[in-house]
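Subject: Handover of a structure and summary of findings

Dear colleague,

Please find the structure below. My notes on what was found in it follow directly after.

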Amino acid sequence: MDAFFASVALLRYPQLKGLPLVIGGGRRAPDDALARRFAGQPLADIPAEAFPLLKDYTGRGVITTATYAARQFGVGSAMGMMKAARLCPQAIVLPVDFEEVRRYSRMFKEVILEIAPQMQDRGVDEVYIDFTDVPGGQRQSGRVLARLIQKSIHEATGLTCSVGVAPNKLLAKMASEFNKPNGISIVHEQDLQSMIWPLPCRKINGVGPKSDLKLSELGIHTIGDLAARSRDFLVDRFGQSYGAWLHDAAWGRDDRPLETSSEPVSMSRETTFERDLHAVHDKEVLGAIFTRLCEQLAADLQRKGYAGRTVSIKIRDDQFKTATRNHTLAAPVDTAAAIRRAAGLALKRAPLARPLRLLGVKVDALIARSALDQADLVAAPPESSQINLF
DNA sequence: TCTGGGGTCCTAGGACCC
DNA sequence: TCTGGGGTCCTAGGACCC
């Protein structure tokens, strides 16, 4: 989906179309005040001048999505809001409306499933679709079906998307980036040299900043450079698994099947504080946050019907150093009290000398509740046995 | 100028078992 | 005398993705 979060916001506030708009910013909801000020009026009647600007933003958030108008100024996903504010102070900021985003996510996926039932979910705004057995899926190398999907999604939601068609997921993902927004791109096996090899290695889904840096230190900048190196060379420097994978990726080889369903492995909740907090000095407020995270996580698990045996905590200090500790139980848990107790044991072993900016709780090794004997779930401990760390 | 939140997968060392 | 090989589980960190 093209600039998904921002596009969803523009459906609500069409008067902002064409203006630089940035979505993100964490808990703070900059349009709360707006909603109060214009209560009772149609949202589309709120003048663009009334919206909050990036230059007035203060906080620790990052950008989730920027509109194409905002991207012209060099701002983009994952950039800190304060940095973005210097690059494009006049951009309008809106928070992510998660409920609305999830609603449109379900809508566009339903449209696709009606047309092509073999679909793999890749998060809120992305899917893989198998065209193979869809009637007409091969016409004009898939262009006809791609166009039908775009048109159907647009009619149902008002949103645009970009489609890449290729022999496998790796190439299709790259192809989908070629012609944004609202584009279609087709990559055939024989296009590898002309369309894929000139691209920077970073364009491979699975090559991030660290590997990209290491590659460029080896003089490998484009995917063609990568393809020119031997498998052994790459295995020697990147390990058996990743090295061999890099080599295959450069040659456009990918035999991963489409996964139409999957079971969750972990669930977590974490929060970055508005100001750094210290384990001793801010004991009470940290303790309250800790308990709240456990309650939210338990609610998530119960709502989705899962329990897990490994409970982890995550902390990040003022120097952005992250540490995790975990505790594995004999039986899976899904209650706030049991999670809090196990997380407390893990937290006791964590380094807590420095001020903290983030605290998180995670449950791993999940098992569907339906697959569990009720008796396997650890009963909530009595109040008196709770460990109060902070 | 600091850098969200929710995930998956991989690596590597150590304990422990046969 | 100086010490196997294989397997599983647990723990911690890290790369990467949306």
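Which residue in the turn of the hairpin formed by β9 and β10 has a positive phi? The residue is Phe 320, with a phi of about 65 degrees, and four residues lie between the two strands of this hairpin.

Before the details, two remarks on conventions. This is a predicted model, in which local features need pLDDT of at least 70 and side-chain atom pairs count only at pLDDT 80 or more, whereas totals for chains, interfaces and linings use all residues. Residues are numbered from 1 along each chain as its sequence is written, while chains are lettered from A and ligands numbered from 1 in the order in which they are written.

**Chain A as a whole**

Chain A contains 14 helices and eleven strands; helices (H or I, at least four residues) and strands (E, at least two) are DSSP runs, numbered from the N terminus. The C-alpha trace of chain A spans about 70 × 60 × 45 Å along its principal axes. The chain is divided into domain 1 (4-96), domain 2 (100-187), domain 3 (192-250) and domain 4 (267-385), with bounds that come from an automatic or database domain assignment. Between the C-alpha centres of domain 2 and domain 4 there are 38 Å.

Of the 390 residues in chain A, 31% count as buried. A residue is buried if 20 or more other C-beta atoms lie within 10 Å of its own, exposed if 12 or fewer, and partly exposed in between, with C-beta atoms placed from the backbone. Among the contacts in chain A with a separation of 6 or more, 65% are between residues 24 or more positions apart; two residues are in contact if their C-beta atoms, placed from the backbone, lie within 7 Å.

Two strands pair if DSSP finds at least two bridges between them. β9 (residues 306-317) pairs with β11 in the antiparallel sense over eleven bridges. Within this pairing, Ser 312 stands opposite Lys 362, and Ile 315 has Leu 359 as its bridge partner. β9 also pairs with β10, again in the antiparallel sense, over eight bridges, and here Arg 316 stands opposite Thr 322. β11 (residues 356-368) pairs with β8 as well, in the antiparallel sense over seven bridges; Leu 277 has Leu 356 as its bridge partner in β11.

Helix α14 (residues 336-348) has 13 residues and reaches 18 Å from its first C-alpha to its last, close to the 18 Å expected; the expected span is 1.5 Å times one less than the number of residues. Why is α14 described as largely enclosed by the rest of the structure? The reason is that eleven of its 13 residues are buried. Among them are Ile 339, Arg 340, Arg 341 and Leu 347. The buried residues of α14 pack against α13 (283-304), β9, β10 (322-333) and β11.

**The surfaces near the DNA strands**

A residue is near a strand if its C-beta atom, placed from the backbone, lies within 6 Å of it. DNA strand B is surrounded by 23 residues, and the closest are Lys 83, Ser 241, Val 265, Thr 272 and Phe 320. The largest share of this surface, six residues, comes from β8. By class, the surface near DNA strand B has eight nonpolar, eleven polar and four charged residues. Here Ala, Val, Leu, Ile, Met, Phe, Trp, Tyr, Cys and Pro count as nonpolar, Asp, Glu, Lys and Arg as charged, and the others, Gly among them, as polar.

Around DNA strand C there are 21 residues, of which Gly 123, Gly 208, Lys 210, Ser 211 and Thr 328 come nearest. β10 gives the largest share of this surface, seven residues. The classes near DNA strand C are four nonpolar, eleven polar and six charged residues.

**Two loop residues**

Gly 136 lies in the loop between β5 (127-129) and α6 (143-157). Gly 136 counts as exposed because it has 12 C-beta neighbours inside 10 Å. Pro 257 is placed in the loop between α12 and β8 and, with 10 C-beta neighbours inside 10 Å, also counts as exposed. Pro 257 and Lys 169 are 88 residues apart in sequence and 8.3 Å apart in space, C-alpha to C-alpha.

With kind regards
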